[in-house]
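The chain itself is shown first.

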Amino acid sequence: MTQALILVFIAVCFSVTGELMLKAGMTQVGVLSLHNLAATIPRMLRTPWLWLGLGSISVGAAFWLAVLSRVDLSWAYPMLAMGYILALIFAGLVLREHIPMIRWIGAAVIVVGVYLITRS
């Protein structure tokens, strides 16, 4: 189970890193909507952060497949909640987003839930 937990953590780290890169890329590209789709897609294709983000998420998916080959989905899937916590922390640290107290409280509840699942 320890090896699976390490693999989940690696998968989550790559996924969260990818999401941070996707956010950075879309901040450069601008708002995507149906009315500007044709003009926005070429800009998206030329944005390196988006490609790096998709690559990072793909690496995370490969680690996730390694997890699924080892443990029950009912144990593994809730572990992905660690991504919520890491995303919250790094959105504040890296993207300088304001994180209201209610989100921190929600993250604490998630931490308790993940802990309980690891005990089963």
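Helices here are DSSP runs of H or I with at least four residues, numbered from the N terminus. By that numbering, Arg96 belongs to the loop between α5 and α6. The model is a predicted one.

**Overall fold**

The protein chain contains 6 helices and 0 strands. Its elements follow the pattern α-α-α-α-α-α along the sequence. The C-alpha trace of the protein chain spans about 50 × 35 × 25 Å along its principal axes. Of the 120 residues in the protein chain, 31% are buried. Taking contacts between residues at least 6 apart in sequence, 72% join residues at least 24 apart.

**Nonpolar cores**

The largest nonpolar core has 18 residues, and Val8, Val67 and Trp75 are the ones that touch the most other members. Two or more residues of this core come from each of α1, α3 (48–68), α4 (73–79) and α5 (82–93). The largest share, 7 residues, is from α1. With residues up to four places away in sequence left out, Val8 touches Trp64, Val67, Trp75, Met79 and Met82. There is also a second, separate core of 5 residues, which includes Ile85, Leu88, Ala91 and Ala107.

**Largest pocket**

The volume of the largest pocket is about 360 Å³. Its lining consists of 17 residues, and those closest to the pocket centre are Ser15, Val16, Glu19, Gly83 and Ala87. Helices α1, α3 and α5 each give two or more residues to this lining. The greatest contribution is that of α1, with 7 residues. Sorted by class, the lining has 11 nonpolar, 3 polar and 3 charged residues.

**Selected residues**

| Residue | Relative accessible area | Class |
|---|---|---|
| Thr40 | 0% | buried |
| Leu50 | 7% | buried |
| Asn36 | 18% | buried |
| Ile110 | 25% | partly exposed |
| Arg96 | 68% | exposed |

Asn36 sits in the loop between α1 (2–29) and α2 (37–45). With a relative accessible area of 18%, Asn36 is classed as buried because the limit for that class is under 20%. The Asn36 side chain reaches the backbone oxygen of Val31 at 2.7 Å. Asn36 also takes part through its backbone: the side chain of Thr40 reaches the backbone oxygen of Asn36 at 2.7 Å.

Thr40 itself is part of helix α2. The relative accessibility of Thr40 is 0%, and Thr40 therefore counts as buried. Apart from residues up to four places away in sequence, Thr40 touches Val29, Val31 and Leu32.

Which residues does Leu50 contact, leaving aside its neighbours within four places in sequence? They are Leu22, Gly25, Met26, Val29 and Met44. Leu50 is found in helix α3, and its relative accessible area of 7% places Leu50 among the buried residues. The C-alpha atoms of Leu50 and Ala24 are 7.9 Å apart in space, while the two residues are 26 apart in sequence.

Ile110 is located in helix α6 (residues 101–118). Is Ile110 buried, partly exposed or exposed? Its relative accessibility is 25%, so Ile110 counts as partly exposed. Beyond its neighbours within four places in sequence, Ile110 is in contact with Ala81, Tyr84 and Ile85. Of these, Ile85 is included in the second core.

Arg96, in the loop between α5 and α6, has a phi near 60 degrees, a positive value in a residue other than glycine. Arg96 is exposed because its relative accessible area of 68% is over the 50% limit.

Definitions and conventions: Residues are numbered from 1 along each chain as its sequence is written. This is a predicted model: local features need pLDDT of at least 70, side-chain atom pairs count only at pLDDT 80 or more; totals for chains, interfaces and linings use all residues. Side-chain values use heavy atoms; hydrogens and water are left out. Buried means under 20% relative accessible area, exposed over 50%, partly exposed in between (1.4 Å probe, protein chains only). A polar contact is a pair of N or O atoms within 3.5 Å; within protein, one must be able to donate a hydrogen and the other to accept it, and residues adjacent in sequence count only if both atoms are side-chain atoms. A nonpolar core is a set of buried Ala, Val, Leu, Ile, Met, Phe, Trp, Tyr and Cys residues joined through side-chain atoms within 4.5 Å. Contact means heavy atoms within 4.5 Å. On a 1 Å grid over the protein atoms alone, a cavity is a set of points where a 1.4 Å probe fits but cannot get out, and a pocket is an open set with protein on both sides within 12 Å along at least five of seven lines; lining residues have an atom within 4 Å of a point. Grid points are joined across faces, edges and corners, and a volume is the space filled by probe spheres set on the points. Ala, Val, Leu, Ile, Met, Phe, Trp, Tyr, Cys and Pro count as nonpolar, Asp, Glu, Lys and Arg as charged, and the others, Gly among them, as polar.
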